[in-house]
Amino acid sequence: MTRTVYVNGEYLPETEAKVSIFDRAFLMADGVYEVTSVLGGKLIDFDGHAVRLERSLRELDMRAPCSKDELLEIHRKLVELNGIDEGMIYLQVTRGAAADRDFVFPDPDEVSPTLVLFTQNKPGLADSPAAKKGIKVISIEDVRWGRRDIKTVQLLYPSMGKMMAKKAGVDDAWMVEDGFVTEGTSNNAYFIKGNKIVTRALSNDILHGITRAAVLRFAREAQMEVEERNFTIEEAQGADEAFITSASTFVMPVVEIDGKAIGTGAVGPRATRLREIYLDESRKAAV
Ligand code: PDD
């Protein structure tokens, strides 16, 4: 089926959607993005994603293409036009297309931002078989730039990380800097020991996951202890359970790190429970 996508005010068949070769995201990775999941035809954590988008734009001195309410309307319309029950919506804002290639930012009064959104249909996203089996990860060095808190489209290294994982016969990679885990290639990383969840604290070193915020809140409400601090691969390997979070995987158990089984090597009860709580509560709050 040909998707209907959104480009700068227009809803078009994907085959007709176009952006300029001078678009700064194409030439300079000068753009930011968000991925919002859809469950039961409704948006999960839309507000969190919209607020983070505003922050990413602000940090890069980029003008917002439209208001939050307009963004919500575009998201909803795309869900409807494409009949999405479960899946994701990808949104990208770029600094737009100046008349030529230039390192200097164009004047925002002359060059308006580019706004693109498209849907990804993923039936069965919530009932994913991977969540029952768990995923395996390897560790790789984190060589990304220093502002990982801004959700930019500079995804070459995360993409290379996924390829390293694939080559190693596993599902994903956790990145390590100065001996400590930062995050997964496209997700936040955690381990569980006893009743305690450990994950890296928020800083410019990691993306401030929207799923992370919700899951930590639900964990605290469920009387689990949460410790936000640095941790090593060795410490995670010695944990009872491990998991990742993101808008596209929700809570996904990790059963092996660098070839070492975590806990029993099977998906554990706490990560499973957190996934259930996250999905239940998110569905209730979906818009
Ligand atoms: N990735 N860390 C990184 C580096 C990410 O790229 C993501 C999201 C997260 C989790 O953030 P959130 O919970 O807000 O989705 C953490 C998205 C899903 C992607 O690139 O597809």
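By class, eight nonpolar, one polar and two charged residues form the lining of the largest cavity. The model is predicted. This cavity holds about 50 Å³ of space. Its lining includes the charged residues Asp 240 and Glu 241. Val 254, Val 255 and Ile 262 are also among the lining residues. Two strands each supply at least two residues: strand 13 (241–246) and strand 14 (250–257). Strand 14 gives the most, with three residues.

How many cavities of 30 Å³ or more does a search of the whole structure find? The search finds two. Helix 2 gives the most, with four residues.

Now turn to a pair of helices. Helix 6 (residues 210–221) and helix 8 (residues 269–285) have axes that come within 10 Å. The axes cross at roughly 110°. Angles of 65 to 115 degrees count as roughly perpendicular, so helix 6 is roughly perpendicular to helix 8. The crossing is right-handed.

Which residues make the contact? Helix 6 brings Thr 211, Ala 214, Val 215, Phe 218 and Ala 219. Helix 8 brings Leu 274, Ile 277, Tyr 278 and Glu 281. By class, the contact residues are seven nonpolar, one polar and one charged.

Conventions
Residues numbered from 1 in each chain as written. Predicted model: local features only at pLDDT ≥ 70, side-chain atom pairs only at ≥ 80, totals over all residues. Heavy atoms only, no water. Axes fitted to C-alpha atoms, helices over the stretch in contact; angles between N-to-C directions. Parallel < 35°, antiparallel > 145°, perpendicular 65-115°, else oblique. Left-handed = near helix turned anticlockwise from the far one by under 90°. Contact = heavy atoms within 4.5 Å. 1 Å grid on protein atoms, 1.4 Å probe; cavity = no way out; pocket = protein on both sides within 12 Å on 5 of 7 lines; lining within 4 Å. Points joined across faces, edges and corners; volume = space filled by probe spheres on them.
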